[in-house]
Amino acid sequence: MKLKRTLASLGVVSAIALGGLTVGTTTAAATPSCSTYAVVFDAADYGVRLPTDSSRSNYCVMGQGASGRQVESLQEALIQCYGQSIEADGVFGPATATALKRAQAALGLTADGVYGPNTRDALKWNWTRSEGWEHRCLRLTQAPGPLR
């Protein structure tokens with residue numbers, strides 16, 4: 001009996017050590033929700049609204065059930081830069097999740113329909129300039145810097 005308990009304990013310890021059993025929260029659960037947005041301008045005076053958390057960090061996640069201008073900005077990128085037929089209504093529902101999955105798949109990302117840092121970096125965003133309502137689709141790293 002004592003031998004069985006010892007072997008069982010060793011099995012649990014081995015599983016934890018080898019990553020087969022996890023304890024605590026996952027990275028996604030530890031990443032804050034995108035609850036607002038920040039407007040960023042590039043050197044050519046094109047601006048974009050980027051989803052952020054309450055501390056204005058753009059290292060955040062959002063998925064179905066989210067709502068607000070941060071969702072609308074994502075929807076505008078999906079419409080303007082990826083040709084998705086959805087409404088920019090600011091509600092992250094099933095249609096937005098499906099459109100995001102399509103864009104993620106096209107970008108070679110895990111198509112989970114959840115917006116997070118990997119998706120943020122890979123997406124082309126809808127940058128606009130108020131003069132003439134010009135717009136262009138660029139990744140954050142493609143915009144002429146410095147960003148402000």
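Ser-73 is buried, at a relative accessible area of 4% (buried is under 20% relative accessible area, exposed over 50%, partly exposed in between, with a 1.4 Å probe and protein chains only). The model is predicted: local features need pLDDT of at least 70, side-chain atom pairs count only at pLDDT 80 or more, and totals for chains, interfaces and linings use all residues. Residues are numbered from 1 along each chain as its sequence is written, and side-chain values use heavy atoms, with hydrogens and water left out.

**Chain overview**

- The protein chain holds five helices and four strands (DSSP runs numbered from the N terminus, helices being H or I of at least four residues and strands E of at least two).
- Along the sequence, the elements of the protein chain follow the order α-α-β-β-α-α-α-β-β.
- Of the 148 residues in the protein chain, 35% are buried.
- Among contacts in the protein chain with a separation of 6 or more, 45% join residues 24 or more positions apart (contact means heavy atoms within 4.5 Å).

**Ser-73 and Arg-49**

- Ser-73 sits in helix H3, while Arg-49 belongs to strand S2, which spans residues 47–52.
- The Ser-73 side chain reaches the backbone oxygen of Arg-49 at 2.3 Å.
- Not counting residues up to four places away in sequence, Ser-73 touches Arg-49, Leu-50 and Trp-125.
- Arg-49 counts as buried because its relative accessibility is 14%.
- The side chains of Arg-49 and Glu-76 make a polar contact at 3.5 Å (a pair of N or O atoms within 3.5 Å; within protein, one must be able to donate a hydrogen and the other to accept it, and residues adjacent in sequence count only if both atoms are side-chain atoms).
- With neighbours within four places in sequence left aside, the contacts of Arg-49 are Tyr-37, Ala-38, Val-39, Arg-69, Glu-72, Ser-73, Glu-76 and Trp-125.

**Packing of H3 and H4**

- Two packed helices are described by the angle between their axes and the distance between the axes.
- The axes of H3 (residues 69–82) and H4 (residues 94–106) come within 10 Å and cross at roughly 50 degrees (axes are lines fitted to C-alpha atoms, for helices over the stretch in contact, and angles run from 0 to 180 degrees between N-to-C directions).
- H3 is therefore oblique to H4 (angles under 35 degrees count as roughly parallel, over 145 as roughly antiparallel, 65 to 115 as roughly perpendicular and the rest as oblique).
- Leu-74, Gln-75, Leu-78 and Tyr-82 on the H3 side meet Thr-96, Ala-99, Leu-100 and Ala-103 on the H4 side.
- The residues of this contact comprise six nonpolar, two polar and no charged (Ala, Val, Leu, Ile, Met, Phe, Trp, Tyr, Cys and Pro count as nonpolar, Asp, Glu, Lys and Arg as charged, and the others, Gly among them, as polar).

**Loop residues**

- Ile-86 lies in the loop between H3 and H4 and is buried, with a relative accessible area of 16%.
- Apart from neighbours within four places in sequence, Ile-86 contacts Gln-75, Leu-78, Ile-79, Ala-95, Thr-96 and Ala-99.
- The C-alpha atoms of Ile-86 and Glu-76 are separated by 9.0 Å, with the two residues 10 apart along the chain.
- Pro-32 is in the loop between helix H2 (27–30) and strand S1 (36–41), and its 34% relative accessibility makes it partly exposed.
- Residues up to four places away in sequence not counted, Pro-32 touches Asp-53, Tyr-59, Cys-60 and Val-61.
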